[in-house]
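Q: Please take a close look at one part of the structure shown here, and then describe how the rest is arranged around it and beyond it.

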Amino acid sequence: MKNNRNRLNLHEILEVRHLTDSTFVIRFEKNDLNFTAGQHVCVGPPNGIHTREYSIYSAVEDPYIEILVKEVENGLITPVLKKLKAGDSVVVEEPVGYFSLNEKEKLNKKYLFIATGTGISPFHCMVKSNPDLKYEIIHGVRTAEEGYERTEYTQKRYTLCSSRDKSGDYAGRLTNYLQEIQIDKDSEVYLCGNCNMIHDAYDILENKGIPNEQIHAEVYF
Amino acid sequence: MSDSERVASVLNAAGCERVESEEEANIIGILACSVRQKAIDKVYSKISKWNRWKEKKNLITFVSGCILPADKEKFLKLFDIIFTMPELPQLPKMLGEYGITNPLSLSSEPQTASEEIKLFWNVKPKYDSKFEAFIPIQNGCNKFCTFCAVPYTRGREISRPSEEILAEVKELAEKGYKTITLLGQNVNSYGLDKDGKEVSFPELLEKVGQIGEEVQKEFWVYFTSPHPRDMSDDIFHIIAKYDCLGKQIHLPLQSGDEKVLIKMNRKHSLAKYRSTMESLRAIIPQATVFTDIIVGFTDETDEQFENTRKAMEEFKYNMAYIAMYSPRPGAAAYRWEDSVSLEDKKKRFAILSEELSKHTYEYNKSLIGQTIKVLVREKDRKTGYLSGHTAGKLVIRFESDNMDLIGQIVELKVSNAAKFSLEGELVTKEVEA
């Protein structure tokens, strides 16, 4: 039975944490999967043929894997995932991806992580996997409730920009905040989230003199 | 045989099985008849239904037969594949471009990657040609470009054991094959999935080069399709070192705009691509370079397209496979609006083709008077001529009715040049080792 589950890439769900009405964390068995912080896995319902890519949210050393999921209205996958509970299974394909820190230099560099919505996920993994990382996070959301598990980060390193309410650290769009601040030109900048934000942020960073080779992007779609 | 029987025969030969109802099918096609409007109306009704099914299942649709130009334009937007009956033999290839090489990848039954690939590698090779062979060395994709369905249909990158590949290369070279092409969706990512337990792609090429020296027969080895992200100087140094490694590099650009590359999720910047091209030109100056470009990708602006045109001007390709973007079922971008009009796509296609031909013509003219080696491949369309490829895969024809030359490497003196081809005169036939 276990072999058959392995064959079908089935992983048992250990916990589901609902963070907002539409966003949740699924924790499932790690089994023999290894990954680098920033990589993603394809996850789907147990009886379907479709999967979607999700950046890994949990730390590399955690004995389980977590993903952060936002329900897409009328979506093919997320409404099904949302209904799953502990004891159910998900199909999980092996972690892949290139949105990672340079292992040799990671503790010598300064990182600026810029995310919208659930694009915070790979940065959560990077921060939890590397407690000594010198990082700053700018997280763009609509309302402050989308600052998912923000207490997990060192508070002075985390800035929540909320565009539709004033309860974030900055009331307004992430890109406006980015325009207003000074950025260390030696920083490695990682962008994750929706494509429009990434394009706008890319222009701002270029204008601020951040070299292209220090800008890394992962589009969520 | 009727047209429908011929289509069935080609699909059967490609490994597909006929099912009893359309609901069970993963590939559905129509051979249209435009004589009666009612029949065409039925086509629209069917494709509308099938396109709704695509939300819930893997489904590829095609249309062929007798189609009026006005309907053809509409069908282009509705069907995944449209082809004329003379193009029927290309149908498996067209399906392959959707990421399908065998029916397993269309199956709704989950297969593990290793089971699927075992079947894939175990397909007894049947070489259609007596002088050109293709060897699969790698399967699958970890890159997740948003325009492509391959990561969802082929699974993750898996490399074939190098001993098998090298044995096959040696066998083919000893049998006198003149070109061998190493195949993979990300061919130069070979070995990366094995965590150091398998040779890397440069090491594999080095071993292939050594076989070339041992066998002492002339043959050229190519590889396709590589990804710029995993292209390294090591690869170029090894290609430069061995005569049998073809001095033709395929390096897909897809777009010359940084933001479009991000939206395509290409995992490389234009700066990285430029640096790779500079290395390539420095290490193998005689190499010809081919590329792939998509025009009209979702939301591509005129300014972004202009960056692609500038890249085409800068990189001076010898050939570019330019595609007008069309959403591929299963790809991430399939969920986005195909926002660039067909008219704009056609315009951009024409501009890029023109830009490409400026360099190819100049390059081809520069070869006039040179004596070069050519693999004779077939009878040319021009009566009394044969045609072939140079080692850099440039098309060249020459006057000869000696069919025995087909499959041989000969020397031609280039006498004339066109935008995408050359003409030459037979100097001498290679003496077989």
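In strand E8 of chain A, which residue is the bridge partner of A:Ile114?

A: The model is a predicted one. In E8(A), the residue that forms a bridge with A:Ile114 is A:Ile138. This pair belongs to the contact between E8(A) and strand E7 (residues 110-116) of chain A, where seven bridges join the two strands and the direction is parallel.

Strand E8 (residues 134-141) of chain A also pairs with strand E9 (residues 158-162) of chain A, again in the parallel sense, over five bridges. Here A:Gly140 stands opposite A:Cys161 in E9(A). Strands of a sheet pair through backbone hydrogen bonds, either parallel or antiparallel.

Seven of its eight residues are buried, so E8(A) is largely enclosed by the rest of the structure. The buried residues of H3(A) are A:Ser121, A:Pro122, A:Phe123, A:His124, A:Cys125, A:Met126, A:Val127 and A:Ser129. Their cover includes E7, E8 and E12 of chain A, together with strand E4 (52-55), strand E5 (64-70) and strand E11 (188-194) of chain A.

A residue that helps to link these elements is A:Phe113. Leaving aside its neighbours within four places in sequence, A:Phe113 is in contact with A:Phe123, A:Tyr135, A:Ile137 and A:Tyr190. In soluble globular proteins, nonpolar side chains tend to be buried together. The largest nonpolar core has 128 residues, and those that touch the most other members are A:Ile67, A:Phe113, A:Ile114, A:Leu191, B:Phe147 and B:Val221. A second, separate core has 21 residues, among them B:Val7, B:Leu11, B:Ile47 and B:Trp50.

The two chains also touch each other. Their contact takes 18 residues from chain A and 17 residues from chain B. On the side of chain B, helix H10 (residues 258-263) gives the most, with three residues. By class, that side of chain B has five nonpolar, seven polar and five charged residues.

Among contacts in chain B between residues at least 6 apart in sequence, 69% join residues at least 24 apart.

H8(B) has 15 residues and reaches 21 Å from its first C-alpha to its last, close to the 21 Å expected at 1.5 Å a residue. Its buried residues are B:Phe201, B:Leu204, B:Leu205, B:Val208, B:Ile211 and B:Gly212. Seen down the axis of H8(B), the buried residues fall within an arc of 110°, so they line one face of the helix. The face turned away from the buried side carries the exposed residues B:Glu213 and B:Glu214. Cover for the buried residues of H8(B) includes helix H7 (162-175), strand E8 (220-224) and helix H9 (233-241) of chain B. Just after H8(B), B:Gln216 takes a positive phi of about 60°.

Also in helix H8 of chain B is B:Lys207. B:Lys207 is partly exposed, with 18 other C-beta atoms within 10 Å. Apart from neighbours within four places in sequence, B:Lys207 is in contact with B:Leu166 and B:Val199. The C-alpha atoms of B:Lys207 and B:Ser162 are separated by 9.4 Å, although the two residues are 45 residues apart along the chain.

Strand E12 (residues 371-379) of chain B pairs in the antiparallel sense with strand E15 (residues 409-417) of chain B over five bridges, and B:Lys373 has B:Glu411 as its bridge partner in E15(B). Five bridges also join E12(B) to strand E13 (residues 385-390) of chain B, and these two run antiparallel. In this pairing, B:Val374 stands opposite B:Thr390 in E13(B). The hairpin of E12(B) and E13(B) has five residues between the strands, and B:Gly384 takes a positive phi near 85° there.

Technical notes
Residues numbered from 1 in each chain as written. Chains lettered and ligands numbered in written order. Predicted model: local features only at pLDDT ≥ 70, side-chain atom pairs only at ≥ 80, totals over all residues. Contact = placed C-beta atoms within 7 Å. Helix = DSSP H or I, 4+ residues; strand = E, 2+ residues; numbered from the N terminus. Nonpolar A, V, L, I, M, F, W, Y, C, P; charged D, E, K, R; others polar. Expected span 1.5 Å × (residues − 1). Buried ≥ 20, exposed ≤ 12 C-beta atoms within 10 Å, placed from the backbone. Arc of directions from axis to C-beta. Pairing = 2+ DSSP bridges. Core = buried A, V, L, I, M, F, W, Y, C linked by C-beta atoms within 7 Å.
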